[in-house]
2 protein chains.
Amino acid sequence: MSSLAQTSDIGLGQQTKSLVFYSEFDDPTEWREALLAELPDLDFRVYPDVGDPDSVAYALAWRPPSGFFEPFRNIELVVNLGAGVDSLTGRDDLPDVPICRLSDPGMVALMRSYVLFSVIRYARDMDDFEAAQRRREWHYIHPTPLDKVRVGVLGLGALGSAAAQGLADTGFDVRGWDMSPKELPGVTVETDPAKWGAFLGDLDILVNMMPLTAGTRGMIDASVFDALSPGTKFVNASRGEVVDEDALLAALQSGQVGAATLDVFCTEPLPSEHPFWAMENVYITPHLASITVPESAARDVAESIRRISAGQSPLHQVNPKAGF
Amino acid sequence: MSSLAQTSDIGLGQQTKSLVFYSEFDDPTEWREALLAELPDLDFRVYPDVGDPDSVAYALAWRPPSGFFEPFRNIELVVNLGAGVDSLTGRDDLPDVPICRLSDPGMVALMRSYVLFSVIRYARDMDDFEAAQRRREWHYIHPTPLDKVRVGVLGLGALGSAAAQGLADTGFDVRGWDMSPKELPGVTVETDPAKWGAFLGDLDILVNMMPLTAGTRGMIDASVFDALSPGTKFVNASRGEVVDEDALLAALQSGQVGAATLDVFCTEPLPSEHPFWAMENVYITPHLASITVPESAARDVAESIRRISAGQSPLHQVNPKAGF
C-alpha cells in the first residue's frame with residue numbers, strides 16, 4: 001500500500017486501524033474528544049475494549065502492564081502518555097516501532113505560570129501584604145528591583161527550563177542547576193558539584209524542579225536547607241519525595257527557610273492534621289502546578305499518526321533503551 | 001567650544017556644570033548614588049541648595065514649582081522624573097532646551113510582574129486554595145489551560161503594553177483596549193468604541209492600566225461592571241480615581257465582579273475602616289505595583305547628559321506642548 005493511500009485511509013474513515021488508550025490516571029473522554037477533533041475518523045478504543053487486536057495501529061499509553069503490546073501485531077506507533085520516558089525505560093516488551101513522548105505546550109505554560117506566581121509572590125512581598133490586610137494595615141515596603149532578586153532553579157528539564165526562562169524573561173536574576181550544561185538565554189547555569197554550596201548560599205528563592213529518580217529521592221535535605229542564606233524562600237513544584245519533609249518542616253519552624261510554596265508532598269492529599277496547613281509561612285496548593293492538557297497535547301499526537309500513515313517519522317521520537 | 005571638549009569636561013571632572021534635582025516624592029540620595037555611579041564627576045545638587053545658578057546645566061525634576069527654571073540661564077537639558085509628560089503639559093515656563101522623560105526598564109519589569117501575579121492568581125484558582133488552606137482542605141480544582149483564560153487590558157501605554165505582552169508570553173488569551181491601534185505580538189487590540197460592550201462581556205479578568213486624565217476619571221463605573229460577564233475578576237494597577245469605587249464595592253458585594261486585586265485607591269493610604277480591607281474577594285497592596293528604580297532609570301539619564309555634552313540629541317525626548 002502506498003503512503004498516499006494510507007493517508008487517505010485516515011482522511012476517509014478507514015475501518016481497519018484503531019488507537020488503543022491505556023492510563024490509570026488520565027481521562028479517556030477528554031483524550032477521545034481532543035483526538036477526534038483532529039482526526040474525526042479515528043477509531044478510539046479504551047483498553048480493554050480494544051475490538052480486533054489486529055486493527056490496533058496506534059497506542060497512547062501510560063505505564064501499561066507488562067505484555068500489553070503483545071496482542072497488537074500490526075502496531076505502527078507507540079505514544080507515551082507523558083513527557084518523560086522514565087516510565088518506559090527498563091521494559092523489554094516494547095514493539096519495534098517508533099516510540100514517541102508527549103510534547104504539551106499547555107502543560108509547559110501551566111508550570112511556568114505556577115513558578116512565576118510563586119516567585120513573584122515572594123519577590124514582591126505579597127505574603128507580607130496578605131498578613132497586613134488581615135490587620136487592616138497599609139504596610140508599604142519599598143519594592144526590590146527584580147534584577148536584584150536571585151532565584152535558583154534546580155533541574156533544567158523541559159519544565160524546569162521553561163520555568164527558568166519565564167523567570168529570566170520577567171526580569172529576575174536566575175541561576176539554574178543541572179547535571180549537564182544547558183544554554184538558556186539570561187540564565188546562569190551551574191553544573192559543577194564543587195559549587196553546590198556556593199550556589200545554594202547565594203539565593204533569595206530556591207525552586208525545586210528536579211525529577212524524582214533513585215538519585216534524587218530525599219536529595220533536598222537538612223544539609224541543603226543549612227547551606228541556604230537564612231530566610232531563603234523555597235518553592236517545590238516537582239515531587240514531594242525529592243524533599244526530606246521533616247527537615248523542611250524544621251527549617252520553616254526555625255526560620256532558616258523563610259517561607260515555602262508547596263504543590264507536592266510525600267503523602268497526597270496532605271493529611272488534614274499535618275502541621276504545614278496551619279503555618280503562616282507555608283502556601284499549599286493541591287498538586288496541580290502542571291497537568292497534561294489533552295487539547296494541546298493531542299495536536300502533536302494526531303500529527304504523528306498522520307505522519308506514520310504517510311510513511312514519515314513521527315514527532316518527538318525517543319529511544320527508551322537509551323533512556324531519552 | 002567643540003563638542004569633544006564638552007565631552008571631556010564631564011569625563012575629567014568639570015567644575016562649572018551641575019545637575020539640580022527636584023521632587024517631593026523621590027529620594028535624592030538614591031538618585032545621587034545612581035547617577036554618580038554613571039558620572040562620577042557630576043555635581044549633583046538638591047534644590048534649593050543649587051550653588052551658583054549659572055552652573056546648573058541639567059535639571060532632573062518632578063513637578064517643580066512655576067518659575068523653577070528661570071534662574072538657570074545656562075540650562076541645557078530637562079529630564080522629567082517620570083515616564084508620563086502629563087506633569088509638564090500646560091506649563092509655559094519651560095526653557096527652550098531638549099526635554100526628556102524617564103525610560104525605566106526596572107519600573108516596567110515591576111509592573112509586568114505585578115500584573116502577572118494578579119492575573120495568574122485568579123487564572124490558577126489560587127484564591128480558592130488560600131481559602132481551602134484555612135479550612136485545612138485539599139481542594140483540587142482541575143486547571144484551566146491558560147489559552148482559555150481571556151484577559152482584557154485597558155490602556156496600552158508603556159506600562160500597559162508591557163503588561164499585556166507579559167501576559168501573552170505567559171500563554172493567556174490577551175485582548176487590549178486603547179484609543180489608538182497598537183501592534184503587540186499575540187495581543188488582539190480593539191479600538192472601536194462600538195465594540196466596547198462586546199469587549200467587556202467576553203473576559204474572565206479585566207486589568208485597568210489607563211492613565212488618569214480628565215477623560216478617564218471615573219470611567220470604570222457601574223455601566224462597565226454591568227457589561228462584564230458575572231464573576232469577572234478585576235485588577236487595578238493604574239490610579240484609583242479611574243474607578244468609581246462605590247460602584248466597584250457594590251459589584252464586589254453582589255458578585256457581579258467576582259474578585260478584585262487593588263493597588264490604588266481614591267484615598268491613600270486606604271482608611272482602616274474601609275470595607276475593602278475585610279472582604280474575602282479583595283486583595284490589597286499598598287500602591288507599589290511599579291515605582292521608579294533610580295539605578296535602572298539613571299543609566300539613560302546619564303547617557304542623555306553625555307550626549308548633550310557631545311552636542312548630540314538626548315534619549316527619550318518629548319514635546320510637552322504637543323502632550324507626548
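**Exercise 1.** How many salt bridges are there between chain B and chain A? Locate one of them.

*Solution.* The model is predicted. Step one is the count: two salt bridges link chain B and chain A. Step two applies the cut-off, a Lys or Arg side-chain nitrogen within 4 Å of a carboxyl oxygen of Asp or Glu.

**Exercise 2.** Describe the extent of the interface and the side that chain B gives to it.

*Solution.* Begin with the contacts: 57 residues of chain B touch 57 residues of chain A. The two chains bury about 4600 Å² between them, and carbon and sulfur atoms carry 65% of it. On the side of chain B, the most area is lost by Gln133(B), Arg136(B) and Trp138(B), together 19% of what that side buries.

Next, assign elements. Those of chain B that give two or more residues to this side are α3 (105-123), α4 (126-134), α5 (158-170), β12 (282-284) and α9 (294-309). The largest share, nine residues, belongs to α3(B). Sorted by class, the side has 30 nonpolar, 12 polar and 15 charged residues.

**Exercise 3.** Determine how the two copies are related.

*Solution.* Superpose chain B on chain A: this takes a rotation of 180° with 0.0 Å of shift along the axis, at an RMSD of 0.2 Å. The copies are therefore related as by a two-fold rotation axis. Among the residues of chain B, Phe117(B) comes closest to the rotation axis, its C-alpha lying at 2.6 Å. Finally, compare the contact residues: 100% of those of chain B recur in chain A, so the same surface serves both copies.

Technical notes:
Residues are numbered from 1 along each chain as its sequence is written. Chains are lettered from A and ligands numbered from 1 in the order in which they are written. This is a predicted model: local features need pLDDT of at least 70, side-chain atom pairs count only at pLDDT 80 or more; totals for chains, interfaces and linings use all residues. Side-chain values use heavy atoms; hydrogens and water are left out. Contact means heavy atoms within 4.5 Å. Buried area is the accessible area (1.4 Å probe) that two parts lose on being put together, summed over both. Helices (H or I, at least four residues) and strands (E, at least two) are DSSP runs, numbered from the N terminus. Ala, Val, Leu, Ile, Met, Phe, Trp, Tyr, Cys and Pro count as nonpolar, Asp, Glu, Lys and Arg as charged, and the others, Gly among them, as polar. Copies are superposed by least squares on the C-alpha atoms of residues with pLDDT of at least 70 in both.
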